[in-house]
Structures are given as structure tokens and as C-alpha cells.
Amino acid sequence: RTAWKGLAVDLGASSGRVLTGEFDGERLNVGEVHRFENKPVSLLGTLYWDLLHLYQQVLLGIGRVRKEDGPIVSLGVDSWAVDYGLLDRSGHLLSNPVHYRDRRTEGIMEKVGRQIPREEIFRQTGIQFLPFNTLCQLSAMRETGHPHLEQAHTLLMIPDLFHYFLTGEKVTEFTNATTTQLYDPTRGTWSRPLLDRMDIPRHLFTGIVPPGTELGRLLPLVSEELGGMDFSVVSVATHDTGSAVAAVPSSSDSYAYLSCGTWSLLGTEVNQPVLSERALSLNFTNEGGVEGSFRLLKNIMGLWLLQEIKREWEREGVFYTWDELMDETGEAEPFTAFIDPDDPQFLAPGGMSGRIRESCRRSGQPIPDSNGALIRTVTESLVMKYRWVLNHLEELVGKKMDVLHMVGGGIQNERLCQWTADACGRPVIAGPIESSGAGNLIVQLMAAKEVASLSEGRELVARSFPRRTYEPSSTTAWNEAYDRFQKVLQSG
Ligand code: ADP
Ligand code: LRH
């Protein structure tokens with residue numbers, strides 16, 4: 001049969017990619033046509049996403065698709081959550097979107113909490129408290145009297161912004177809408193009480209569409225720029241984590257997932273948001289997923305910490321491949337010092353190795369004295385945090401998870417996968433690497449009625465992508481060190 005062919009644009013915090021997906025009724029064959037760096041730009045003290053660069057690279061990628069391989073049915077864009085662009089009345093972008101790591105939100109979460117009790121915000125939204133949630137970003141704009149808040153007519157999340165550039169349609173897709181901490185999943189609408197009390201204009205917010213909604217065809221100008229290409233644009237699960245979890249190849253209902261890229265997102269799927277006091281005090285989140293499911297999970301600082309150290313060393317002229325970087329840990333003693341990877345001081349870019357060493361010094365632990373020791377401290381701490389979150393997830397849902405599915409670029413780090421299995425004391429199944437891209441394509445296939453349901457889509461992923469299982473070993477050593485890690489968490 002003629003293969004269905006679609007395009008997935010997956011914009012990650014460290015790189016963007018344009019992927020082709022071909023489905024022949026049996027397997028999904030994913031190919032990478034273009035990958036490009038996503039480097040934020042610091043300008044006059046504000047950290048921006050370089051949106052026009054990203055748009056240009058997306059078009060470049062689409063243009064590289066070989067026309068002779070058959071027509072493209074559809075395209076969908078997914079990206080990181082929480083960030084947005086503001087459009088004026090005539091639909092023009094008011095400014096480059098500000099990066100969630102920009103310092104404008106420092107102290108804002110606490111101020112919001114003084115205006116509206118955390119319990120109330122959590123009851124209404126089910127979303128964890130992170131300083132960069134859209135709620136905090138808009139509150140920061142209000143706090144500083146940013147003129148764009150008054151001038152803006154429409155707010156679009158990053159992937160919705162791309163869909164708008166391609167089709168002219170202004171809508172907000174459900175999975176990403178939930179990450180704003182301004183959406184009420186119980187009522188299925190934007191939370192008017194929260195918007196009003198934070199003095200955020202209601203009119204900024206568009207209608208919400210479920211993942212799999214067809215938005216229309218390319219604008220004539222875009223089609224022209226692409227040499228006459230024409231296809232439909234589908235609003236997929238636009239939150240990259242939503243797409244990644246849609247591609248977790250599991251059939252069991254007692255598994256946890258760990259989406260491993262710039263961020264590490266560890267959780268499970270639930271039918272209803274978990275809004276208990278315990279979920280609030282542990283700061284778990286309930287993000288919207290495909291087929292009305294929710295992702296009960298926690299953000300963990302993730303490979304960002306290693307990315308930043310690697311970048312710092314590159315600036316000093318020391319270049320490592322990811323394998324070489326991890327090999328350095330072989331030279332260092334295990335479990336000498338821990339950090340809490342989620343200490344907010346690690347959120348902003350720059351000077352990461354100094355901040356990590358200082359954190360060890362302050363908590364009275366040995367200061368990592370070599371590159372290997374530093375990488376070991378960071379990676380072991382990250383993996384210990386995985387264990388901590390997994391244990392608390394199990395407590396929240398009241399069941400033990402048999403396996404941990406790891407997906408995303410980070411699974412190319414074999415040591416990370418093995419240590420995760422060791423620390424968590426259970427098998428890790430790693431794959432696929434391009435999970436967000438695969439999930440993006442699965443939702444397009446569901447929209448095209450080529451795939452009937454998410455569970456069928458997951459079976460397709462299981463058939464189509466290689467997976468590797470890591471069995472836990474040397475668990476005793478990790479168990480012994482875990483107490484010390486927890487003490488470091490408590491002392492923070
Ligand atoms: P994002 O979508 O957030 O940009 P990715 O899913 O692309 O992130 O994952 C990026 C991370 O994957 C990098 O920070 C790095 O830690 C890891 N990674 C990428 N390539 C390799 C590799 N060849 N070996 C080991 N790890 C890798
Ligand atoms: C991962 C991610 C995550 C969000 C963060 C801002 O890319 O979307 O789910 O919390 O970026």
C-alpha cells in the first residue's frame with residue numbers, strides 16, 4: 001500500500017528537528033531531515049528565544065523533504081511548554097518570546113502565592129509551582145507594567161505560534177494550555193477567577209482545541225515559499241512532553257516514564273488530575289495528555305546541568321563528546337558529594353560548575369576536584385532524584401511501578417540509563433530516542449484515522465523502534481548512598 005507520510009517538527013530547548021514519518025500499515029519509519037541548534041539570545045538583560053531563526057530552520061527543513069518520495073499529508077509542531085508570544089490586533093508578533101529561564105520571574109511565584117493561596121491555585125489548575133509557569137511570566141509583566149500586556153490582543157503558546165505562522169489559525173492546543181497554570185481541567189476552560197485576580201486580560205486567550213485537530217492548509221504565501229508544497233497542519237499534542245509520553249511503548253498500567261532531554265520529566269498517566277494535599281506538598285503536576293489523560297509527574301532539572309557544564313568547558317577550549325564527558329566519571333570515586341539538582345539556583349544559564357561546587361561546600365561535603373568528579377556528582381545526584389520522585393509517585397498513586405520507560409535524547413547516555421536502573425532498583429526500558437517526534441506523528445495518524453487509538457499508536461511505536469533493557473545491578477551501593485542524598489535534600 002502507499003505509505004502515509006507526515007512531518008513532525010519537534011522544537012526542544014537544546015535543538016529543533018524536522019522529521020519525516022512514513023506509515024505503511026505495519027511500521028512507522030521516522031527519518032531526520034534537518035536538525036538545528038536552539039540557542040537563546042541575551043539582549044539588554046533579557047533572555048529571548050530566537051524565534052525567527054527557529055521559523056527559518058523549520059522552513060529549511062520542510063524544504064529538504066524529497067518531493068519524489070510522495071506527497072505529505074500533514075505536519076504538526078510540538079515544543080517546550082509555558083512560553084508564549086503576544087500578537088497585536090493585526091496579528092503581528094509584539095516581541096521575540098522571552099525564555100522561561102529569564103530572570104524576570106525571580107520572586108514572582110512567592111508574590112502570586114501571597115495574592116492567591118497555593119491550595120486554591122492547585123485546586124483550580126492541578127499544576128506544580130514552577131517560577132516560570134505562564135501564570136508567573138504574565139504576573140511578572142504585570143508587576144513591571146510591561147506595555148505589551150496592554151497592547152496585546154492574543155497570546156499563543158510557542159507551537160501554536162508556529163501553527164499560526166503556517167496557517168493563519170489562532171488557537172491554543174489543550175496539552176500545552178494546561179502547562180500555563182491558568183487552565184482549569186475540571187471545568188475544561190481557562191480559569192477566569194485566576195486571570196481576573198491576577199489582572200491578566202481574559203481576551204488574550206483563544207479557544208482551546210484537543211490534540212489531533214486539523215487547522216487547515218498552508219497559507220498561500222508559505223506554500224509559495226516552499227516551492228508550491230501544500231499539506232494540512234494538525235495541532236498535535238503540542239507540548240513536547242505530551243508527545244513524548246504518547247510514544248511510550250507500554251502496554252502495562254503499572255509503569256512510570258522518564259522523558260529525558262534538557263529536562264527530566266518523571267511520572268505516570270492518570271485518568272483524572274490528582275489534586276490531593278500530598279500531591280500539592282510534593283509539588284507534583286497534572287499536565288493534559290492525549291485522549292483526555294493526564295500526566296502526573298514532576299520536573300527534574302535534567303541534562304540541562306550537564307549541557308551547561310559542557311558549554312562552559314567549550315568556552316574555555318575543552319571539547320568533549322557526550323561519551324567522553326561520561327567516560328570522565330570512570331576516573332572519579334562514586335558517591336562523594338550530592339546536590340539537589342532542583343535547587344532553583346541551577347535554573348538560569350551560566351557559571352554552572354562554580355554553583356555546583358559552592359553547593360557542595362555549603363552543605364559540608366567534599367568539593368568535586370576534577371572534571372570527572374563534577375560530572376559524577378551531577379549525574380549521581382540526578383539519578384538519585386529520579387529515585388526520590390519515583391518513590392513519591394508510587395506513594396501518590398498507591399502502587400508499585402514494575403518498569404521505568406526512558407525516552408528522549410538522554411537515553412543515548414548508557415551510563416545514565418544503567419545508573420537509573422541501579423538506583424531505582426528496577427528495569428529500565430530505553431526507547432525511542434525521538435519520542436516527541438514519534439508521539440507527534442502518532443497523533444497525526446490518529447487524526448488521519450490511520451491509527452484508531454493511543455494504545456494502537458503505542459503498539460505501533462513498540463513495533464517500529466528499537467528498545468534496550470537495563471536490568472538493575474549494584475543496588476546495594478546506591479541504597480546505602482541514598483540516605484546521604486536525602487539528607488542533602490533536607491538540608492537545602
Ligand atoms: P531537548 O529536546 O530538550 O532539546 P533532547 O531530547 O534532544 O533534548 O536531548 C538532549 C540531551 O541528550 C543532551 O543534553 C545530551 O545529554 C543527550 N545526548 C544527545 N546526544 C547524545 C549522545 N550521542 N550520547 C549521549 N547523550 C546524548
Ligand atoms: C520539556 C518541557 C517541560 C516543561 C519545560 C518548560 O521540554 O516542555 O515539560 O516543564 O520544557
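Modeller: Val-378 is buried, with 25 other C-beta atoms within 10 Å. A residue counts as buried if 20 or more other C-beta atoms lie within 10 Å of its own, as exposed if 12 or fewer do, and as partly exposed in between, with C-beta atoms placed from the backbone. This is a predicted model, in which local features need pLDDT of at least 70 and side-chain atom pairs count only at pLDDT 80 or more, while totals for chains, interfaces and linings use all residues. Residues are numbered from 1 along each chain as its sequence is written, chains are lettered from A, and ligands are numbered from 1 in the order in which they are written.

Val-378 belongs to helix 15. Helices (H or I, at least four residues) and strands (E, at least two) are DSSP runs, numbered from the N terminus. Setting aside neighbours within four places in sequence, Val-378 makes contact with Leu-305, Leu-306 and Ile-356. Contact here requires C-beta atoms, placed from the backbone, to lie within 7 Å of each other. Between the C-alpha atoms of Val-378 and Asp-340, which are 38 residues apart along the chain, the separation is 9.0 Å.

Helix 14 (residues 352-362) packs against helix 15 (residues 371-397) at an angle of about 75°, and their axes are 11 Å apart. The axes are lines fitted to C-alpha atoms, for helices over the stretch in contact, and the angles run from 0 to 180 degrees between N-to-C directions. Helix 14 and helix 15 are therefore roughly perpendicular to each other, a term that covers 65 to 115 degrees; under 35 is roughly parallel, over 145 roughly antiparallel, and the rest oblique. On the helix 14 side the contact involves Ser-353, Ile-356 and Cys-360, which meet Leu-374, Thr-377 and Val-378 of helix 15. This contact has 4 nonpolar, 2 polar and no charged residues. In that scheme Ala, Val, Leu, Ile, Met, Phe, Trp, Tyr, Cys and Pro are nonpolar, Asp, Glu, Lys and Arg are charged, and the others, Gly among them, are polar. An α-helix has 3.6 residues a turn, so residues three or four places apart point the same way.

The loop between helix 13 and helix 14 holds Phe-335. Phe-335 has a positive phi of about 55° although it is not a glycine. Most residues other than glycine have a negative phi, and most peptide bonds are trans. With 17 other C-beta atoms within 10 Å, Phe-335 is partly exposed.

Leu-305 and Leu-306 are among the contacts of Val-378, and helix 12 (304-315) supplies at least two residues of the shell around ligand 1, as does helix 13 (322-327). The shell counts 16 residues, of which Gly-12, Ser-14, Gly-261, Thr-262 and Gly-409 come nearest; a residue is near a molecule or strand if its C-beta atom, placed from the backbone, lies within 6 Å of it. By class the shell around ligand 1 has 4 nonpolar, 11 polar and 1 charged residues. Around ligand 2 there are 13 residues, with Trp-80, Ala-81, Asp-240, Thr-241 and Trp-263 nearest, and that shell has 7 nonpolar, 5 polar and 1 charged residues.

Elsewhere, helix 4 (residues 134-143) has 8 of its 10 residues buried, so it is largely enclosed by the rest of the structure. The cover over its buried residues includes strand 7 (84-87), helix 2 (108-115), helix 5 (147-151) and helix 8 (192-197). Asp-196 lies in helix 8, and it counts as exposed, with 11 C-beta neighbours inside 10 Å.

For the setting as a whole, the chain has 19 helices and 21 strands. Its radius of gyration, taken over C-alpha atoms, is 22 Å, close to the 23 Å that the globule rule gives for 492 residues, so the chain is as compact as a globular protein of that length; the rule is 2.2 Å times the number of residues to the power 0.38. Of the 492 residues, 50% count as buried, Val-378 being one of the buried residues. Among contacts between residues at least 6 apart in sequence, 74% join residues at least 24 apart.

Definitions and conventions. Contact = placed C-beta atoms within 7 Å.
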